[in-house]
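Dear colleague,

Please find the structure below, followed by a summary of what was found in it. I would be grateful if you could read the two side by side.

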Amino acid sequence: MDYKILNIEVSDGIAITRISRPEALNALNARFFDEMDQAIGEISDNQDIKVMLITGEGKAFVAGADIAEMADMTQEQGRLFGQRGQRTFRSLEKMGKPIIAAVNGFALGGGLELAMACDFRIASEKAKFGQPEVSLGMIPGYAGTQRLPRLVGLGDALFLLMSGEMIGAQDALRIGLIQKVTEPETLLEESLKIARIIASKGPKAVRKVKYVTRQGITMDFDDASEMESDYFGSQFKGEGEEGMKAFLEKRKPEW
Ligand code: CO8
């Protein structure tokens, strides 16, 4: 399948994935999910790619699921459309490579749900965040009701979910929804800088950190700590040996 909505450019081991349907503020339609599934597969399989970065073209990151596509759906179609998106966003979380959301503008509804499925978020000072579904008589369908409270806590999540209010980048930073704010002009550059730092680290270590952290947060603490020990141990006499020797020999590691 040719990409029509996603524009993927690989540079220095980073897959810059631009969502490009600016005439609809990058609203997520069925085609987007097909293309994103394909991108996840291709980026996962490409050993030269260390980090995926997702951003939006134009004034929006993503202004939500495509309202025009959803308006006439039956209850069953709506349920299945929600599940379809949930599967794709879950694949992003489960992908063995780090994913950064570089939020350039509106991240609303399904757009915020997409940003939340990334590993962390860097945003332009101009970005706006919200779950406005209740304004449409809807509720989030791509697990926003589940990821938002896990990221920001129950009070701030329910405030956003119940009011449908948009917040700016500084408020999003304050509640921990995003991790860094930049000037609009430097968003991509700053995000790439962080992507390059991550890309320079032990690739297996980065993959395992993502897995152990994401998996562990859903588990009993003692079981999760035991899982950490297993993964910690698995880095010895491999990537870890090279990293530790390189430190002692005052040179850069060669992964
Ligand atoms: N879906 C479809 N088209 C959209 C969407 C959208 N979510 N958002 C914007 N557009 C379109 C507009 O219709 C408009 O098209 P046209 O030029 O043909 O009229 C174009 O993009 C530009 O938008 P505006 O003229 O409205 O731009 P403004 O700068 O005036 O306003 C806003 C920007 C404030 C972002 C405004 O566009 C807006 O409120 N958009 C809708 C935001 C929203 O409610 N998002 C949530 C959608 S619901 C959702 O995401 C649920 C997710 C779970 C789904 C589960 C599946 C079952």
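**Domains and ligand shell**

The centres of domain 1 and domain 2, taken over C-alpha atoms, are 27 Å apart. Domain 1 covers residues 6-199 and domain 2 covers 203-248, with bounds from an automatic or database domain assignment. This is a predicted model, in which local features need pLDDT of at least 70 and side-chain atom pairs count only at pLDDT 80 or more, while totals for chains, interfaces and linings use all residues. Residues are numbered from 1 along each chain as its sequence is written, and side-chain values use heavy atoms, with hydrogens and water left out.

Between the domains, about 570 Å² is buried, and carbon and sulfur atoms give 51% of that area; buried area is the accessible area (1.4 Å probe) that two parts lose on being put together, summed over both. Of the area that domain 1 buries against domain 2, Glu93, Gly96 and Asp119 supply 55%.

- Ala63: a backbone N or O atom lies 2.9 Å from a ligand nitrogen atom.
- Ile67: a backbone N or O atom lies 2.9 Å from a ligand nitrogen atom.
- Gly110: a polar backbone atom is 2.8 Å from a ligand oxygen atom.

Yours sincerely

How values were computed
Polar contact = N/O pair within 3.5 Å; in protein donor to acceptor, adjacent residues only side chain to side chain.
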